[in-house]
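Student: Please take me through one part of this chain closely. Start with a surface spot, then go on to the strands and charged pairs.

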Amino acid sequence: MTASPLAPAFTLTPTPDPSQLQVSSGAHFDVVIIGSGAGGGTLARHLAESSDLTVLVLERGDWLPQEPQNWDAEEVMQKGRYVSKDLWLDRHGKPFQPGSHYFVGGATKMYGAAHFRLRQRDFEELVHFEGTSPAWPVRYSDFEPWYQKAEEMYHVHGLRGEDPTEPPCSGPYPHPPISHEPRIQKLVDDLRSAGLHPFHAPSGVQLDESNMPFSRCRRCNRCDGFPCLVHAKSDAEVLGLRPALGSSRVSLLTRAQVQRLITDESGRQVKGVELIRDGEPMTVSGDIVVVSCGAANSARLLLLSANDRHPNGLANGSDQVGRNYMFHNSKAMVALAHEPNTTVFQKTISLNDWYFGDADFDYPMGNIQMTGKTDGTIMKGYAPLETFLMPGWSMDRIAEHALDFWISSEDLPAPENRVTVTREGQIQLSYTPNNLTASKRLANRLEGMLERLYLRNHLVERQFYIANSMGIAAVGHQAGTCRFGTDPASSVLDLNCKAHELDNLYVVDTSFMPSIGAVNPSLTAIANALRVGTHLVERLQG
């Protein structure tokens, strides 16, 4: 039997025990990266492969253990086994537990690996029913080469030409589209018969359907919201940090909680990164310091690093650090049919026909995709309380007939939607929902489409319906808080994601985004990390 052509890419680089790394307090590196998610993990690999720079990655969490509970729905969905113990405050000062995950690989350990490019118009000013999404200081064409490289690095499967909103692309997807199972193929056929344009969802999984014995991905239903027990999901640990650590020039410290950044007397240079590791204080330094903690925690770190030169927080002379927090208006929706849905890997279809509106609502509405296939235990993890009180066997029966959808509408940036910190250093997230009309219209389009398709032959698809709106605790798609731009008075970062006010401080995660579009932000974060990483190599090595 011939080995799969993808097999070499699945090899996991042996990783040293981080407790044995010889990084002492006072150590200096060319680049220090704080955070190991889609931004930081990707950047570390890119620097390792493209330069001779010494790199230190600081991760507040530890390696996520490979254990049977990785795929245990009760442990993950109901008990929150891998959710951080952090408590944030809402705008009224009420504590809540955000859905944050602090591990090597960051939030990507639990994401659904849906890797969409922003649409071309998402980079331009876009008028919505309830406001305006601002133009980016760059255009889609500036990001396109990096999107292509990001898709290659993260093993994205898809098929060009199916989605009418697809932006121009310089090449095909690096891997073929993931095949539809019979019930999803029927849904695809029915949608096309109704004049819609379903397309293969771009998925980052290490799957080789042409040679399944050698495929790392097994097409299970534990991709969405679970860590991958077999390391087949294209996350920032497996495809970022592990390859990076194959270089002797890259070091990683886990359990390293960064406390603040220290500047020199001029306030123009970060000269030290103060952290606590296993209860012991340490300070490290770098010619370049990159903050990549996620939109909320990156803002928190900059605000906590206030000093005489930066009294309102590091890089915050514009008072923009923490502002314009976004996280999508999203709903998990379940439609039930008479016929069972025996699909296992359900995340193979997406729909953008209403992304920019339709004849009846000439404003953007958003994206529809499938979630991982639910079972009764998973459904009880996100269903409304009255449904949660139903016995487990009845939830299993419901799930057997469920088609599981995820809809996202754009959350518009608003200065008053912001991250601040209390005197104790706790995150306070002041947030008021917006653009809800578009979200409601999109949900109505999905409901109406299913009813039109399946009321024929007297088959009611929507016998039972669950819609769960994601509250502010759903932080997986967080963005904004340190937007990039050309004007230091209205932005935090320049076009290379360097802080306007400091010479060696960069922010490389979804914080830089001026708007969020209506698709998952992970691929944009990865593409930007590659873009900024190339700039850093040119800056430091000429």
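Tutor: Val127 sits in strand 5 (residues 126-128). Helices (H or I, at least four residues) and strands (E, at least two) are DSSP runs, numbered from the N terminus. The model is predicted, so local features need pLDDT of at least 70 and side-chain atom pairs count only at pLDDT 80 or more, while totals for chains, interfaces and linings use all residues. Residues are numbered from 1 along each chain as its sequence is written, and side-chain values use heavy atoms, with hydrogens and water left out.

Val127 is partly exposed, at 48% relative accessibility. The scale is this: buried means under 20% relative accessible area, exposed over 50%, partly exposed in between (1.4 Å probe, protein chains only). Together with Phe129 and Tyr363, Val127 makes a nonpolar surface patch of about 270 Å². Patch residues have over 30% relative accessible area and no salt bridge; like charges are joined within 9 Å, nonpolar side chains (Val, Leu, Ile, Met, Phe, Trp, Tyr) within 5 Å. Accessible areas come from the Shrake-Rupley method with a 1.4 Å probe, and for residues only the protein chains shown count as cover.

Now turn to strand 17 (residues 402-409). Of its 8 residues, 8 are buried. In a regular strand, side chains alternate between the two faces of the sheet. Both faces of strand 17 are covered. Ala402, Asp404, Trp406 and Ser408 are buried on one side. Leu403, Phe405, Ile407 and Ser409 are buried on the other.

Which strands pair with strand 17? Strand 14 does, antiparallel, over 8 bridges. Strand 16 (residues 367-370) also runs antiparallel to strand 17, joined by 4 bridges. Two strands pair if DSSP finds at least two bridges between them. Ala335 has Leu403 of strand 17 as its bridge partner. Asn367 has Ser408 of strand 17.

Thr371 lies in the loop between strand 16 and helix 7 (376-382). Thr371 is buried, at 11%. Leaving aside neighbours within four places in sequence, Thr371 is in contact (heavy atoms within 4.5 Å) with Asp224, Gln346, Lys347, Asp404, Phe405 and Trp406.

Next, the charged pairs. A salt bridge is a side-chain nitrogen of Lys or Arg within 4 Å of a carboxyl oxygen of Asp or Glu. The structure holds 26 of them. One joins Glu339 and Arg183, 3.7 Å from N to O. Glu339 is in the loop between strand 14 (329-336) and strand 15 (349-351), and Arg183 is in helix 4 (residues 182-193), so the pair ties together parts 156 residues apart in sequence. Glu339 is partly exposed at 27%. Arg183 is buried at 6%.

Arg242 and Glu237 form another, with the closest N and O atoms 2.6 Å apart. Arg242 is buried at 14%, and Glu237 is buried at 1%.

Arg255 and Asp278 also meet in a salt bridge, 2.8 Å from N to O. Arg255 lies in the loop between strand 10 (250-253) and strand 11 (256-263); Asp278 lies in the loop between strand 12 (270-277) and strand 13 (280-291), 23 residues apart. Arg255 is partly exposed at 25%. Asp278 is partly exposed at 48%.

Finally, salt bridges link Glu67, Glu75, Lys79 and Arg81 in a network.
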